[in-house]
Structures are given as structure tokens and as C-alpha cells.
Amino acid sequence: ELRVKTVDTRSGQTLLESIFAFSLKAHDSMSVAKIDTSRLRGDSLTATSYLILATAVIDGFDDKQQVFEMLPQTFPTRDAFPIESFLTDPKISTKIERVEVSRDGHGYDIHLSVSSEAVAGLVWLDWKQDEIKGHFGDNALWLLPGHAKSIIYHGTGRRPDAILESDLQIKSLFDVVRRSIG
């Protein structure tokens, strides 16, 4: 199924939300949906920009489900990412839910919850500590207010004795815009 959501970049409010079912053979492609943007146009004095977010949930072989998030598209498409939408700190927070031995028995997994109070674009997570080695299962995320995302960090080698939220380095488009306008 294809899940499409349109979000106001300033308020984080969801304006339109649709789910489209589809079936596709391997190596095929098709147009799944056409989004009616007439409700998003407003008047010429309205400077609101929207993000159109799409997520494909694919039921595959072996009863496994895969989720693919597409890079958000802006509407109207006058700017790739409207700077005015990223001038306010989205107040991103993280919580370590649990740390466990990885499924394959080599290394460890850190289960995190990441959330924000406003739309946060291209959220990038990294560890400040050099001894935490591995990779995030997902990064460069888009966060919507009130919608926490679960992320798994796949650690390699020996697990550090202490792993704290304060050891995470978090950056987003807010940090890039803030740095560029001084």
C-alpha cells in the first residue's frame, strides 16, 4: 500500500491523508496515485508550503514487510526546501528504549525513539563517542510533531559500558539554515 500525507511545514498539521492499495509484479512499475492539490493552493497572499510525504509498505516474500519512505516533495515546488520552514528549532528529542544483543549474535542493537515538536527535516544522528561503532538502520529522517520514529543503531564490537541520550549528536535542516544565516 502507498500512504500519502500532506503536512503544513509551519504548523506540522496534516491536511490530507490517503492510502492506496496496489499490486505489482517484481521488476514492474506503475502509477499508483494522483494527488489532488487543489485544497493546498490557497490564495496568492498565502505563503504556506507543504510537504508531501509518501511511504510504500510492501508485503514481500517470507511474510516480511518492508517500508520505504520517499524523500518528501514540497508544494508548491518553488523551493526544494522552503527556508522559512526551518527557522524555528524543532526541539528534537531522543530516548534510548533498550540495548540488546543483535539478532545475529555479533554486536548489539540500540533501540531509539526520536521525536520533535515541529517539522524537522533531514534529521541526522551520530554518536559523540568514538568507541560506539556501527551504523543506524535509518538516518536523514523527516520528523513530524507528535509522531515519534523508532530507529535501531546496529553496534559492532564491544558494547560500551554506558550509552546515554546525551552521547547522541543530532542535526537537522534547522542547524544548517541557522548556521548559514548567522
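How many aromatic pairs does the count come to? The count comes to 3 aromatic pairs, where rings of Phe, Tyr and Trp (its six-membered ring) pair if their centres lie within 6.5 Å, and planes under 30 degrees apart count as stacked, over 60 as edge-to-face and the rest as tilted. In one of them, the ring centres of Trp-127 and Phe-136 are 6.3 Å apart and the planes stand at 10°, so this pair is stacked. The model is a predicted one, in which local features need pLDDT of at least 70 and side-chain atom pairs count only at pLDDT 80 or more, while totals for chains, interfaces and linings use all residues. Residues are numbered from 1 along each chain as its sequence is written, and side-chain values use heavy atoms, with hydrogens and water left out.

The chain as a whole comes before the remaining details. It contains 1 helix and 12 strands; helices (H or I, at least four residues) and strands (E, at least two) are DSSP runs, numbered from the N terminus. Along the sequence the pattern is β-β-β-β-β-β-β-β-β-β-β-β-α. Of the 182 residues in the chain, 37% are buried, a term that means under 20% relative accessible area, whereas exposed means over 50% and partly exposed lies in between (1.4 Å probe, protein chains only). The accessible surface of the chain comes to about 11,800 Å², and 50% of it belongs to carbon and sulfur atoms; these areas come from the Shrake-Rupley method with a 1.4 Å probe, and for residues only the protein chains shown count as cover. Among contacts with a separation of 6 or more, 59% are accounted for by residues 24 or more positions apart, contact meaning heavy atoms within 4.5 Å.

The aromatic residues can now be taken further. Trp-127 and Phe-136 are both buried. Phe-136 also forms an edge-to-face pair with Tyr-153, at 4.7 Å centre to centre and with 65° between the planes. Phe-136 belongs to strand β9 (residues 133-136) and Tyr-153 to strand β11, so this pair ties together parts that are 17 residues apart in sequence. Tyr-153 is buried, as is Phe-136. Together, Trp-127, Phe-136 and Tyr-153 form one aromatic cluster.

Three strands make up an open sheet in the order β10-β8-β12, with antiparallel pairing; two strands pair if DSSP finds at least two bridges between them. Because β10 and β12 stand at the edges, each with a single partner strand, one side of each is left without a neighbour in the sheet. Neighbouring strands of this sheet are turned by 40° against each other on average, direction ignored. The antiparallel pairing of β8 and β10 extends over 2 bridges, and Ala-120 stands opposite Leu-143 in β10.

Helix α1 (residues 173-181) has as its buried residues Leu-173, Phe-174, Asp-175 and Val-177. These buried residues pack against β8 (120-127), β10 (141-143) and β12 (168-171). The helix lies across the three strands β8, β10 and β12 and runs at about 65° to β12; axes are lines fitted to C-alpha atoms, for helices over the stretch in contact, and angles run from 0 to 180 degrees between N-to-C directions.

Charged side chains supply 5 salt bridges, each defined as a side-chain nitrogen of Lys or Arg within 4 Å of a carboxyl oxygen of Asp or Glu. One of them joins Lys-5 and Glu-17 at 3.9 Å, N to O. Lys-5 lies in strand β1 (residues 2-8) and Glu-17 in strand β2 (residues 14-20), so the pair ties together parts that are 12 residues apart in sequence. Lys-5 is buried at a relative accessible area of 16%, whereas Glu-17 is exposed at 57%. Another salt bridge joins Lys-149 and Glu-69 at 2.7 Å, N to O. This pair links distant parts of the chain, with Lys-149 in strand β11 (residues 149-156) and Glu-69 in strand β4 (residues 65-69), 80 residues apart. Lys-149 is buried, with a relative accessible area of 16%, and Glu-69 counts as partly exposed at 47% relative accessibility. In the salt bridge between Asp-161 and Arg-158, the closest N and O atoms are 3.3 Å apart, and both residues are exposed.

Leu-71 occupies the loop between β4 and β5 (73-75) and is exposed, with a relative accessible area of 53%. Not counting residues up to four places away in sequence, Leu-71 touches Leu-122 and Trp-142.
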